[in-house]
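I opened my notebook beside the viewer today and wrote down what I looked up, stop by stop.

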Amino acid sequence: MQLYNYRADDRRFLAERVAEFRDQVARRLSGALSEDEFKPLRLMNGLYLQLHAYMLRVAIPYGTLASHQLRALAEIARRYDRGFGHFTTRQNIQFNWIKLEDTPEILALLASVDMHALQTSGNCIRNVTADHFAGVAADEIEDPRIWCELIRQWSTLHPEFSFLPRKFKIAVTGSPEDRAAVRVHDIGLVMVRDDAGAVGFEVLVGGGQGRTPMIASTIRRFVPKRDLLSYLEAIMRVYNLHGRRDNLFKARIKILVQSLGAEAFARAVDAEFATLQGGLATVDEAAVARIAADFAPPPYRPADPAAPEVKSVAAVEPAFARWTRTNLFAHKVAGHTAVIVSLKPPGGIPGDASADQMDALADLADRFSFGELRVTHGQNLVLPHVRLGEVPELWRALDVHGLATANAGLISDMIACPGLDYCSLANTRSIPIAQRLSRRFSDPDQIDRIGPLEIKISGCINACGHHHVGHIGILGVDKKGDEFYQITLGGRADGARSALGKLLGPAIPSARVIDVVQQIIDTYLAIRCPGEPFADTVARVGVGPFKTATTQERRDEAA
Amino acid sequence: MRLLDLTLGRVVEDALTALDAAADPIAAIGAGSVIVPATRWTELRDRVGATPAGPIGVRLGADRPDLVDRLVRDLDRLALIAVVFESFRDGRGFSIARTLRERHGYPGRLRAQGWLLPDQFRFLARCGFDQIAPSDPGRLDEWRAHLDRFSVRYQATAADLHLKPAGQEPSYAI
């Protein structure tokens, strides 16, 4: 199994961390710590106070998960929550109904399977994310997870960078095709080769969503591997010293990069880097080699000649055929495929999985994928290494558990934040919009005809549902106590084509959202060139035709 | 003021006192054993004799990292730099400490002062602070337990080199 193999030191560290948090909770319960003082401490352990209860966000570093870990998550869902977990856009999982006094036990349970909730919130370096097809994609230069793990360790309880102006998110991709949305992260790292063929990192800084969405700027074309952490320390120090602390909404690094300009910011980083290069943070090659050994390819097996061919099963099983068109991703090793397990059934809550589903998936991962799973930033799961001959059998097993929805990358494969159903920041609900949309767009032939399309829904301006980069973005706004939604078109987060969506028009009431999306789709179907995906059509024609179509309707209604 | 001194390994009374605003500052600094606001120090330093009768310290806010560059030429004259945290959330103080220790090689006492949490002790020590003077000195006893809470560290700082090897014995005998 490709999984960072915890050493004795790592386990001792987690045990010490659990003991510390147990003490912090006890001090909070006894009143020795005020809520004001406890808050940053609990946040560094992923514990939020939401509308109805505490929410615990558990880190799934760079989205890689082993079957025995998923079983532990199922147990937490069953024992300490209401039988569900919610996979997030940052490759984490959230439990929404947690009792404060249970959290030390939950952290101990997590530690028993080498997991934690460290730095999944708070103003520190958060869980580092990666391409969910790392180690699978044929276009990959190197498995980015090796470097993610190094960054995870380096950022863990970093003595200098644990009280930053604001949260800090790093994403890494090992492929030129960006599946990690690196341009909407505080730091995006893209593995590249220099002219001599050496592998290093292109460094992008200052992307982000929230109130002030921005696409990151490249501040250095190539950082050699040995300098990676020194260069990151230089960025972090410039941000820690100069990022704004007077206004929560202007405290992210993107605001600093914007106010200085990317070039001046890069110069400040270079000046800091000059004092750090070759110093204490220089990457230890032996440590990297140890981590890399953990991510060695699993023992792929040759194809079984007796196994049924995907094509021949698809020929007689239309539902299977449809699913294979959307939910498979080409594997670099012949005879294998990665399988996307959609957590977006019609009427479902995007990203939710029941404890029983988690247990079932853990078993399927053991049977079909070397015990390994991935969490995608699109709130789905992946079985990364499935033999093609076993795909039909896997599909049938997934179907039994309601996990064979054939919609990966299609209109009903939506992202939605928890919204006002859970979140204390939200203005509006997101989940019911997603549920209504997924029911409207549930006919397999219809969504197949529409083709690749990403809808992203946020219940407030903080943009946890990534609406800025949705092909169709939906943002909830409160209008005198009523739920209204702004629609944007043309956002995307796919590498160099990354763009922020443009506003379609004034906010519309909740009841109209589904119909307006339908009008947008009808317009697209009418004007698209053959084979042209939705995002490309919007890029070609702009928002205009969609604005006309949706406002025409409104005028008709008013008449 | 009571403070925890890591090098001495115990709680001590501060040997230095804040510069008395009413006193003649040149004479007071010349007499030594005084802590001068950093901005005041940069105004007065050229008028102060080369050999004061006692140690001199300066004090700057964690929100004033810009003052570090202005102190660099005095680092061998200063026995103490006190960084005052208005809030434990102001992480700039940690970068100030590492910059002083690691880039500028400041060898004197480095004090973290103000609203700080015992839970931050290890971070502060690893960044190079060797004196802790929390605004709530009643809690100083609580602090000790936090320094050696972790026997594992995932980064290297210059101060780590002075800490004893992880997992063997307490980092400091406090």
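These are my entries, grouped by the part of the structure I was looking at.

**Before starting**

I reminded myself that this is a predicted model.

**Entry 1: a five-stranded sheet in chain A**

I began with an open sheet of five antiparallel strands in chain A, ordered E1-E2-E5-E4-E13. Which strands sit at the edges? I found strand E1 (47–49) and strand E13 (352–354) of chain A there, each pairing on one side only. From one strand to the next, the twist averages 30°.

I then looked at one pairing inside this sheet. Strand E4 (residues 84–87) and strand E5 (residues 93–98) of chain A run antiparallel and are joined by two bridges. Opposite Phe87(A) I noted Ile93(A) in E5(A).

Helix H2 (residues 35–43) of chain A lies across E1 and strand E2 (54–58) of chain A, and runs at about 135° to E1(A).

**Entry 2: another sheet in chain A**

I moved on to the open sheet with the order E3-E14-E15-E12-E11 in chain A, which has five strands and antiparallel pairing. Its edge strands are strand E3 (64–66) and strand E11 (328–330) of chain A, each with pairing on one side only. The twist here averages 35° from one strand to the next.

Ala330(A) has Thr337(A) of E12(A) opposite. I also saw helix H3 (residues 67–80) of chain A packing on the sheet, where it touches E3 and strand E14 (372–375) of chain A. The direction of H3(A) makes about 85° with that of E3(A).

**Entry 3: helix H7 of chain A**

Which residues of helix H7 (residues 253–260) of chain A are buried? I listed Ile253(A), Lys254(A), Ile255(A), Leu256(A) and Val257(A). I was pleased to trace their surroundings: the buried residues of H7(A) pack against strand E9 (199–205), helix H6 (228–242) and helix H8 (262–276) of chain A. Just past the end of H7(A), Gly261(A) has a positive phi of about 90°.

**Entry 4: Gln446 of chain A**

I found Gln446(A) in helix H15 (residues 444–450) of chain A. Is Gln446(A) buried or exposed? Its relative accessible area is 15%, so Gln446(A) counts as buried, the cut-off being under 20%. Leaving aside residues up to four places away in sequence, Gln446(A) touches Arg440(A), Phe441(A) and Gln518(A). I also checked Gly409(A), which is 37 residues from Gln446(A) in sequence and 14 Å away in space, C-alpha to C-alpha.

**Entry 5: helices H16 and H17 of chain A**

Next I looked at how helix H16 (residues 513–527) and helix H17 (residues 534–541) of chain A pack: the angle is about 80° and the axes are 10 Å apart. That angle is why I wrote down H16(A) as roughly perpendicular to H17(A). On the H16(A) side the contact is made by Ile520(A), Tyr524(A) and Ile527(A), and on the H17(A) side by Phe534(A), Thr537(A), Arg540(A) and Val541(A). Sorted by class, this contact has five nonpolar residues, one polar and one charged.

I stayed with Thr537(A), which has its place in H17 of chain A. With a relative accessible area of 0%, Thr537(A) is buried. Tyr524(A) is 13 residues from Thr537(A) in sequence, and the two are 7.3 Å apart in space, C-alpha to C-alpha. Not counting residues up to four places away in sequence, Thr537(A) touches Tyr524(A), Ile527(A), Arg528(A), Glu532(A) and Gly542(A).

**Entry 6: strand E6 of chain B**

I finished in chain B. How many of the six residues of strand E6 (residues 80–85) of chain B are buried? I counted six of six, so the strand is mostly covered. Leu80(B), Ala82(B) and Val84(B) point one way from E6(B), while Ile81(B), Val83(B) and Phe85(B) point the other way.

I then checked the neighbours of E6(B). Strand E5 (residues 56–61) of chain B runs parallel to E6(B), joined by five bridges, and Arg59(B) stands opposite Ala82(B). Strand E7 (residues 109–114) of chain B also pairs with E6(B) in the parallel sense, over six bridges. There, Val84(B) has Gln113(B) of E7(B) as its bridge partner.

Key. Residues are numbered from 1 along each chain as its sequence is written. Chains are lettered from A and ligands numbered from 1 in the order in which they are written. This is a predicted model: local features need pLDDT of at least 70, side-chain atom pairs count only at pLDDT 80 or more; totals for chains, interfaces and linings use all residues. Side-chain values use heavy atoms; hydrogens and water are left out. Axes are lines fitted to C-alpha atoms, for helices over the stretch in contact, and angles run from 0 to 180 degrees between N-to-C directions. Helices (H or I, at least four residues) and strands (E, at least two) are DSSP runs, numbered from the N terminus. Angles under 35 degrees count as roughly parallel, over 145 as roughly antiparallel, 65 to 115 as roughly perpendicular and the rest as oblique. Contact means heavy atoms within 4.5 Å. Ala, Val, Leu, Ile, Met, Phe, Trp, Tyr, Cys and Pro count as nonpolar, Asp, Glu, Lys and Arg as charged, and the others, Gly among them, as polar. Buried means under 20% relative accessible area, exposed over 50%, partly exposed in between (1.4 Å probe, protein chains only). Two strands pair if DSSP finds at least two bridges between them.
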